[in-house]
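Okay everyone, thanks for coming.

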Amino acid sequence: MATTLLDSDLPGLPLRHRGKVRDVFDLPAERLPPEARDHGPLLLMVATDRLSAFDVVLPDPIPGKGEMLCQISNFWFAQTAHILPNHLTGIDVAAVLPDGVDAALYAKRAVVTKKLRPVPVEAIARGYLIGSGWKDYQRTGRVSGIALPDGLRQAERLPEPIFTPSTKAAVGDHDENIDFDTMVRTVGAELAEQVRDATLRLYRHAADYAAQRGILLADTKFEFGTDADGRLYVMDEMLTPDSSRYWPADEYDVGISPPSYDKQFVRDYLETLDWNKTAPGPRLPQDVIDRTRAKYAEALQRLAGISVD
């Protein structure tokens, strides 16, 4: 049975960050089981059922969304471990929860992770021309400084996947596409090249896998971090409908924005309202909540083979 969680409440665990969807807590060493204390600094990452649209967190949760996102991420972390290590430790979440907390509430939506140093750039791979990439191309014929052929149409498949980094904006602000040279100046040439290579390798692997299941992976965003030795890891969420644009292959067509496995129903509904897209966000009708939840559940089933109760 799916659970619903809007805000994590874990007394005794220091809250490190509360994002649009994820709550991140420090795990003091004294709270860890003895066998887990040789991992180095650790975090507890919780995927809540919060939903944001137009950079505003809405008041209504999507029941079970955090569980589905976490399960999709974990599936992809396992699928790509041969390409790049990830932040998961495998430590049982129930073993680190404070006394009195309902373990069932966090079992499918939380993970114990390594505490890494985040790479301060959003790593984006694009296989199709859509979203901000399409807007940039219409203006300049380029995406993140990469020249593309003339005459491409909206949602058209690119000749090769491209790496298009962007800034990491604060909550409420918008990320901005940057070129690779700007990324090099931000993080250094060696790390920038590692991130670019890893991003494209992960994207190609996932796109091939998804295509076999009738799904097109138009683009996706990865988060990376490094450990004390400078080793690169993929972290946070991975290849979820929140961080990726998935299209049903049988509904794909060039020249339009195809339907996707995400919060499309929410955005479409909000566009019908007289709302200025600033906080607080409006309440959602039950029908919009149910249809959005169903899309996440379909993505989990088709990609990972996991059915939602």
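So, there's an open sheet here made of 4 strands, in the order 1-2-3-6, with antiparallel pairing. Strand 1 (15-18) and strand 6 (110-114) sit at the edges with a single partner strand each, so one side of each has no neighbour in the sheet. On average, neighbouring strands are turned by 20° against each other, ignoring direction.

Quick housekeeping: this is a predicted model, where local features need pLDDT of at least 70, side-chain atom pairs count only at pLDDT 80 or more, and totals for chains, interfaces and linings use all residues. Numbering runs from 1 along each chain as its sequence is written, and side-chain values use heavy atoms, with hydrogens and water left out.

On terms, helices (H or I, at least four residues) and strands (E, at least two) are DSSP runs numbered from the N terminus, and two strands pair if DSSP finds at least two bridges between them. Axes are lines fitted to C-alpha atoms, for helices over the stretch in contact, with angles from 0 to 180 degrees between N-to-C directions.

Back to the sheet: strand 2 (residues 22-27) and strand 3 (residues 42-47) pair over 6 bridges, in the antiparallel sense. Look for F25, whose bridge partner in strand 3 is L44. Packing on the sheet is helix 1 (residues 65-79), which touches strand 2, strand 3 and strand 6 (contact means heavy atoms within 4.5 Å). Its direction makes about 45° with that of strand 6.

The largest cavity has about 80 Å³ of space, counted as the space filled by probe spheres set on the points.

Which element gives the largest share of its lining? That's helix 1, with 4 residues. Lining residues have an atom within 4 Å of a point, and among them are M45, C70, F77 and D236. By class, the lining has 6 nonpolar, 3 polar and 3 charged residues.

Last stop: helix 6 (residues 264-271) and helix 7 (residues 286-304), whose axes come within 8 Å and cross at roughly 150°. That makes the two helices roughly antiparallel (over 145 degrees). F265, V266 and Y269 of helix 6 make the contact with V288, R291, T292 and K295 of helix 7.

Key
On a 1 Å grid over the protein atoms alone, a cavity is a set of points where a 1.4 Å probe fits but cannot get out, and a pocket is an open set with protein on both sides within 12 Å along at least five of seven lines; lining residues have an atom within 4 Å of a point. Ala, Val, Leu, Ile, Met, Phe, Trp, Tyr, Cys and Pro count as nonpolar, Asp, Glu, Lys and Arg as charged, and the others, Gly among them, as polar. Angles under 35 degrees count as roughly parallel, over 145 as roughly antiparallel, 65 to 115 as roughly perpendicular and the rest as oblique.
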